[in-house]
Amino acid sequence: MDNARRLVNIALIGFMGTGKTTVGRLVAEQLRFGYVDTDELIQTQTDRSINDIFKTEGEAAFRALEQAVVEALALRSGSVIATGGGLPVNPNNLASLKRHALVVSLWSSPEKIWERVRHQGHRPLLHDPDPQAKIRELLAAREPFYKQADVLINTELRSIREVAQQVILQFRLQAAHHR
Ligand code: S3P
């Protein structure tokens with residue numbers, strides 16, 4: 001199974017607010033890789049915001065769009081792929097990413113996540129009467145999926161730069177191993 005993997009991309013998975021976008025952009029810049037974000041791809045393709053898709057069509061419709069976007073990513077190489085926080089819950093998505101990418105999971109505590117996302121309004125799942133409880137609940141439910149990554153990095157105790165360095169180091173090591 002492992003032999004069938006081509007490690008030509010890096011995929012960042014993890015909960016909202018763990019640093020996927022900032023780390024992803026920095027890693028891409030340093031490796032001279034392209035950068036893509038699954039939420040941005042969905043928004044461009046549908047010409048709608050994530051909030052709007054959730055509101056008018058519901059979460060299931062969003063997840064279907066997410067899976068279609070992930071499948072299309074298999075054609076890429078030399079890309080850092082930042083993914084939406086709920087994407088790895090669908091096992092097809094994780095399996096698909098693993099075929100062509102080193103999958104790195106970024107991890108933070110619910111408290112740190114709340115600190116990072118509390119002033120942002122673009123995440124429909126946090127439009128909840130008790131967003132902190134929602135974060136704890138979703139994070140606990142998703143932990144087993146995030147742990148299926150090739151590499152796990154706690155982003156709470158490290159600077160963005162240190163996290164990016166770790167990602168690059170792991171990619172170089174594991175890409176050499178799979179060559
Ligand atoms: C979601 C996370 C968001 C976005 C959507 C759903 C989730 O992405 O895909 O709002 O289920 O956790 P970020 O993790 O980039 O915020």
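Two strands pair if DSSP finds at least two bridges between them. Helices (H or I, at least four residues) and strands (E, at least two) are DSSP runs, numbered from the N terminus. This is a predicted model: local features need pLDDT of at least 70, side-chain atom pairs count only at pLDDT 80 or more, and totals for chains, interfaces and linings use all residues. Residues are numbered from 1 along each chain as its sequence is written, and side-chain values use heavy atoms, without hydrogens and water.

**View 1. Strand S4 and its partners.** S1 and S4 pair in the parallel sense over six bridges. Ile-10 has Leu-102 of S4 as its bridge partner. S4 also pairs with strand S5 (residues 151-154), in the parallel sense over four bridges. Here Trp-107 stands opposite Asn-154 of S5. How many residues of S4 are buried? Six of its seven are. Buried means under 20% relative accessible area, exposed over 50%, and partly exposed in between (1.4 Å probe, protein chains only).

**View 2. Two nonpolar cores.** A nonpolar core is a set of buried Ala, Val, Leu, Ile, Met, Phe, Trp, Tyr and Cys residues joined through side-chain atoms within 4.5 Å. The largest one has 29 residues. Ile-13, Phe-15, Leu-97, Val-103 and Ile-135 have the most contacts inside it. At least two residues of this core come from each of strand S1 (9-14), helix H3 (50-57), helix H4 (59-73), helix H5 (91-100), strand S4 (101-107), helix H6 (110-117) and helix H7 (131-146). Another core lies apart from it, with 22 residues, among them Val-27, Leu-31, Ala-82 and Val-151. In soluble globular proteins, nonpolar side chains tend to be buried together.

**View 3. Around Ile-135.** Contact means heavy atoms within 4.5 Å. Which residues does Ile-135 touch, leaving aside neighbours within four places in sequence? Ile-135 is in contact with Phe-15, Pro-110, Ile-113, Trp-114, Val-117 and Leu-126.

**View 4. Aromatic pairs.** The whole structure holds two aromatic pairs. Rings of Phe, Tyr and Trp (its six-membered ring) pair if their centres lie within 6.5 Å; planes under 30 degrees apart count as stacked, over 60 as edge-to-face and the rest as tilted. Phe-33 and Phe-171 are edge-to-face, 5.7 Å centre to centre with 85° between the planes. This pair links distant parts of the chain, 138 residues apart. Phe-33 sits in the loop between helix H1 (20-31) and strand S2 (34-37), and Phe-171 in helix H8 (residues 160-177). Phe-33 is partly exposed, at 22% relative accessible area. Phe-171 is buried, at 8%. The rings of Phe-54 and Phe-62 have centres 5.0 Å apart and planes at 45°, so this pair is tilted. Both Phe-54 and Phe-62 are buried.

**View 5. Helix H2 against H4.** The axes of helix H2 (residues 38-46) and H4 come within 10 Å and cross at roughly 105°. That makes H2 roughly perpendicular to H4. Axes are lines fitted to C-alpha atoms, for helices over the stretch in contact, and angles run from 0 to 180 degrees between N-to-C directions. Angles of 65 to 115 degrees count as roughly perpendicular, under 35 as roughly parallel, over 145 as roughly antiparallel and the rest as oblique. H2 makes the contact with residues including Leu-41 and Ile-42, and H4 with residues including Phe-62 and Leu-65.

**View 6. Positive phi in two loops.** Arg-32 is not a glycine, yet has a positive phi of about 55°. Arg-32 lies in the loop between H1 and S2 and is exposed, at 78% relative accessible area. Asp-47 has a positive phi near 60°. Asp-47 is found in the loop between H2 and H3.
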